[in-house]
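Please read them alongside the sequence and the coordinates.

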2 protein chains.
Amino acid sequence: MTPPLDRLPTFADIRDAARRIAPYATRTPLVEWAALNERVGARVLVKPETLQRTGSFKFRGAYNRIAQLDPAACPGGVVAYSSGNHAQGVAAAAALAGLPAVIVMPEDTPRMKRDNTQGYGAEVVTYDRASEDREEIARAIAEERGAVIVPPYDDPDIVAGQGTVGLEMAEDAAARGVTLDHVVSNASGGGLIAGISLAFAELSPATRVWVAEPRGFDDHARSLASGRREANEAATGSICDALLARTPGEITFAINSRRLAGGLVASDDEVRAAMAYAFSTLKLVVEPGGAVGLAALLSGRLEIESGATVGVVLSGGNVDRESFCAMIG
Amino acid sequence: MTPPLDRLPTFADIRDAARRIAPYATRTPLVEWAALNERVGARVLVKPETLQRTGSFKFRGAYNRIAQLDPAACPGGVVAYSSGNHAQGVAAAAALAGLPAVIVMPEDTPRMKRDNTQGYGAEVVTYDRASEDREEIARAIAEERGAVIVPPYDDPDIVAGQGTVGLEMAEDAAARGVTLDHVVSNASGGGLIAGISLAFAELSPATRVWVAEPRGFDDHARSLASGRREANEAATGSICDALLARTPGEITFAINSRRLAGGLVASDDEVRAAMAYAFSTLKLVVEPGGAVGLAALLSGRLEIESGATVGVVLSGGNVDRESFCAMIG
């Protein structure tokens with residue numbers, strides 16, 4: 001096998017990641033609402049990664065990756081390209097590791113995400129989406145400064161870090177005597193759901209793990225169906241700004257293609273309705289990308305056997321007030 | 001002693017309440033945010049009762065009270081007067097106990113709270129705030145139908161039920177090896193904070209429990225200072241619609257006057273800022289009354305020793321979209 005497929009993450013890597021991130025990451029709870037159970041017609045246990053440090057699960061993978069760097073080998077610290085949650089995760093993780101961080105962001109990144117990223121101590125370098133290539137810029141900075149690139153998903157340490165979400169879900173469900181029959185989580189590059197599926201394969205192999213995606217950006221669902229990495233036609237056009245990766249990652253698809261039960265799709269309107277439901281009933285602030293799994297569930301996309309229990313991940317809550325209030329209206 | 005002071009709730013009552021509500025209430029987590037710790041300059045552990053069944057802690061006391069009723073003795077079920085969270089708590093608890101519920105609400109109750117209350121299966125009877133007395137209406141209904149009144153706070157079973165919030169906080173803090181030096185919670189009639197202070201007196205007697213109130217509605221703070229039950233001058237005029245009880249309860253003040261460390265006050269603007277902070281950083285939807293403790297903390301009203309740990313209760317999240325979006329703007 002060629003890199004990066006020569007080193008797929010394992011369950012042991014997830015265990016190691018859990019130990020590594022424990023002092024800094026939040027062990028988010030697994031929460032149940034009677035009203036949600038009634039609404040879905042099944043027992044639903046929610047994993048609100050919205051409560052995670054930096055407001056999304058991304059801190060887990062970023063810290064797991066960065067904590068393993070040898071500072072002497074990267075005097076320039078770390079570089080990442082992201083307009084959103086990965087940027088904040090890397091910035092916060094680098095600060096904790098005592099390393100400088102440069103985040104390459106598009107010029108039109110929402111003010112709040114840029115401010116948060118700088119707030120965690122990172123330097124932000126902007127580029128023009130139309131004329132420049134962010135990966136190229138990141139590579140040039142890494143070379144020039146002696147820095148290491150922290151990729152958003154196609155990396156074994158990143159996948160292992162995100163997999164701690166699944167580890168915690170399986171453990172916390174078991175602690176209350178429950179086996180999850182289904183787990184639903186969203187995907188962009190697929191690092192989170194790859195990690196989750198690895199954790200469940202080990203701890204709860206009967207659990208079926210489903211990927212949820214915005215309509216028109218269902219590259220994972222189509223790739224699962226065809227058996228090879230399919231690409232989305234469009235690069236923009238969904239309110240789910242965190243879920244617009246063009247195609248599944250190589251490492252992530254190598255895992256997901258073997259582990260996932262299938263794909264569920266939700267429209268932008270269904271995502272808005274799920275955000276409004278999370279606001280009014282769960283009292284949680286969920287960003288559009290983070291609400292896709294809930295949207296699929298509320299829209300009846302998952303066929304649920306009588307008496308089954310479903311876990312659903314709310315992956316992030318980084319949305320500014322104006323967008324949020326418009327979307328839940 | 002005269003009723004109702006002849007039967008003050010005890011810690012054993014809180015333990016019993018915890019057992020009683022366990023199948024139906026959510027054991028809400030104790031959550032920590034690095035960003036909040038930095039902002040406050042101390043370790044802060046948050047108890048989000050916003051995630052509780054019916055969106056506030058009120059379900060705990062209501063269920064604890066109603067589950068102990070003998071259905072044969074109250075063929076007409078239960079009656080309560082409330083425009084908000086107690087209404088929803090009683091409605092949901094009565095439905096679980098298989099009892100009918102009548103809630104006496106002002107005609108001008110926000111649509112959402114009325115709809116939720118009816119959604120839990122309760123009958124809503126409205127009255128005119130200006131010309132009618134809600135307690136009198138409730139008494140008349142109770143007599144006519146053979147129903148029992150479930151009071152909002154001045155009742156030992158209600159206080160014991162709300163005290164499970166403190167029980168869980170003390171237990172969950174201990175489970176992570178922490179003793180809370182301070183706990184801050186809001187009060188209207190004082191049932192929640194009375195229950196919390198009873199739980200801490202038993203499980204963590206070194207913890208100092210503080211009551212937080214909106215400016216101008218600091219009847220508890222002034223009562224603690226004077227040693228007798230003081231009343232607020234105004235009946236309305238704060239955005240904290242859940243915290244407008246005119247004076248501390250008799251039972252609750254009998255407990256609070258002996259147990260509380262003192263009172264903290266926050267202005268409406270500070271409450272709005274705390275709601276906005278909860279939205280943007282904690283990703284939690286908190287109603288104004290539920291954010292007063294956080295507001296007092298963020299505004300520096302509590303003097304915190306170096307190295308201290310503070311627990312803060314977010315008591316509820318029942319706020320409609322329009323109000324919420326205006327308040328966090």
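1. I begin with an open sheet of four strands in chain B, whose order is S5-S4-S3-S6 and whose pairing is parallel; strands here are DSSP runs of E of at least two residues, helices are runs of H or I of at least four, both numbered from the N terminus, and two strands pair if DSSP finds at least two bridges between them. The edges are formed by strand S5 (123–127) and strand S6 (148–149) of chain B, each of which pairs on one side only. Strand S4 (residues 101–106) of chain B pairs with S5(B) in the parallel sense over five bridges, and B:Met105 has B:Thr126 in S5(B) as its bridge partner.

2. On provenance, this is a predicted model, in which local features need pLDDT of at least 70 and side-chain atom pairs count only at pLDDT 80 or more, while totals for chains, interfaces and linings use all residues. Residues are numbered from 1 along each chain as its sequence is written, chains are lettered from A and ligands numbered from 1 in the order in which they are written, and side-chain values use heavy atoms, with hydrogens and water left out.

3. Chain B is superposed on chain A by a rotation of 180° with 0.0 Å of shift along its axis, at an RMSD of 0.0 Å (least squares on the C-alpha atoms of residues with pLDDT of at least 70 in both copies). The two copies are therefore related as by a two-fold rotation axis. Of the residues of chain B, B:Leu284 comes closest to that axis, its C-alpha lying at 2.4 Å.

4. The contact (heavy atoms within 4.5 Å) takes 24 residues from chain B and 24 residues from chain A. About 2100 Å² is buried between the chains, with 68% of it given by carbon and sulfur atoms; this is the accessible area (1.4 Å probe) lost on putting the two parts together, summed over both.

5. Two residues that are not glycines deserve a look at their backbone: B:Thr54, with a positive phi of about 70°, and B:Lys283, with a positive phi of about 60°. B:Thr54 lies in the loop between strand S2 (43–48) and helix H3 (58–66) of chain B, and B:Lys283 in the loop between helix H11 (268–282) and helix H12 (292–298) of chain B. B:Thr54 counts as buried because its relative accessibility is 7%, and B:Lys283 likewise at 2% (buried means under 20% relative accessible area, exposed over 50%, partly exposed in between, with a 1.4 Å probe and protein chains only).
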